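Hello,

Here is the structure I promised to pass on. My notes follow below it.

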Amino acid sequence: MHIDWAHFTPLSALAGGALIGLAAALLILGLGRVMGAAGVVAGALEVHDADAPWRWSLIVGLVLSPLVARALWSIAPPAFDASWLTLAASGLLVGFGARLGSGCTSGHGVCGLARLSPRSFAATGIFMATAFATVFVVRHVVG
Amino acid sequence: MKRNAFALAVGLIFGLGLCLSGMYEPAKVTGFLDLAGLWDPSLAFVMGGAIVVALPAFLVARRRSAAWIGGAIDLPAAQAIDAPLVVGAGVFGVGWGLGGVCPAPGVVDLGFFSAGAAIFVVSMAAGMLVYRAAAGRRLPGLRLLAQDA
């Protein structure tokens, strides 16, 4: 295994991670809800649900965050290298899989692990494994 | 109103964390997922930092019944590592590996006016609605209720 020292950013990764953890801490203690992004988006799509308004508010906060981030730090816009077809397939699988599996990177990978939930440890291990495998196939087998 | 303002602040902090950590950038995520190439371990540090901060909050939450702004604290009750969890997480990981994007960064990247993010988020919402329709029809292998993790 070769470490990509040029791109490895441990300090900003830890600091950014701490902010994500702070957001999760505030949401569980303040509103009593687990901060899973997939659950927030799927719940926001249930427009008649009493929880839809706060979920839309959280989504607005996420969408506005780059404006604040670019004022604070020098941040380049994201580069989406994948083709539109790949992105569409990726989105479909992510949306469907997150609902079937009851969570995503934030719901299982951050909140679930922080809750020490065995279900979330299993889910995180599995989605990491299939993501590693997918990138391996795309970059080193097919590519 | 108070709930909405609070949730907006949570979304902002969550998004700032994704921006600062670099996880809004798909290439940064695939840099972590590509174990056989040049490996960027940053994502593990993001998860570690987040878990260290969130863990005490969940310990406190477990002992409390009411949230600060009112209402019950709703912690997932599901325990079973069942087929929907395993298959769903597996499918999710394939999608995540293909694009290097998961739900929260996808939504954050809308704020950069990225066309790629728009395609991803619309497709993700479609995938969620497909799941809902399939679960509603009780298709074999799909459990009706998926509790949020």
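Which residue in S1(B) does A:His2 stand opposite? The answer is B:Leu38. Please keep in mind that this is a predicted model.

That position belongs to a pairing across the two chains. S1(A) and strand S1 of chain B, residues 38–39, run in the parallel sense and are joined over two bridges.

The interface as a whole involves 111 residues of chain A, in contact with 110 residues of chain B. On the chain A side, at least two residues each come from strand S1 (2–3) and from helices H1 (10–31), H2 (37–44), H3 (52–72), H4 (84–100), H5 (105–114) and H6 (118–142). H1(A) gives the largest share of that side, with 21 residues. Sorted by class, the side of chain A that touches chain B consists of 72 nonpolar, 32 polar and seven charged residues.

Two packed helices are described by the angle between their axes and the distance between the axes. For H1(A) and H5(A), the angle is about 65° and the axes are 11 Å apart. Angles of 65 to 115 degrees count as roughly perpendicular, and H1(A) and H5(A) are therefore roughly perpendicular to each other. Their crossing is right-handed. H1(A) makes the contact through A:Ile20, A:Gly21 and A:Ala24, and H5(A) through A:Val110, A:Cys111 and A:Ala114. By class, five of the residues in this contact are nonpolar, one is polar and none is charged.

Regards

Technical notes. Residues numbered from 1 in each chain as written. Chains lettered and ligands numbered in written order. Predicted model: local features only at pLDDT ≥ 70, side-chain atom pairs only at ≥ 80, totals over all residues. Contact = placed C-beta atoms within 7 Å. Helix = DSSP H or I, 4+ residues; strand = E, 2+ residues; numbered from the N terminus. Nonpolar A, V, L, I, M, F, W, Y, C, P; charged D, E, K, R; others polar. Pairing = 2+ DSSP bridges. Axes fitted to C-alpha atoms, helices over the stretch in contact; angles between N-to-C directions. Parallel < 35°, antiparallel > 145°, perpendicular 65-115°, else oblique. Left-handed = near helix turned anticlockwise from the far one by under 90°.
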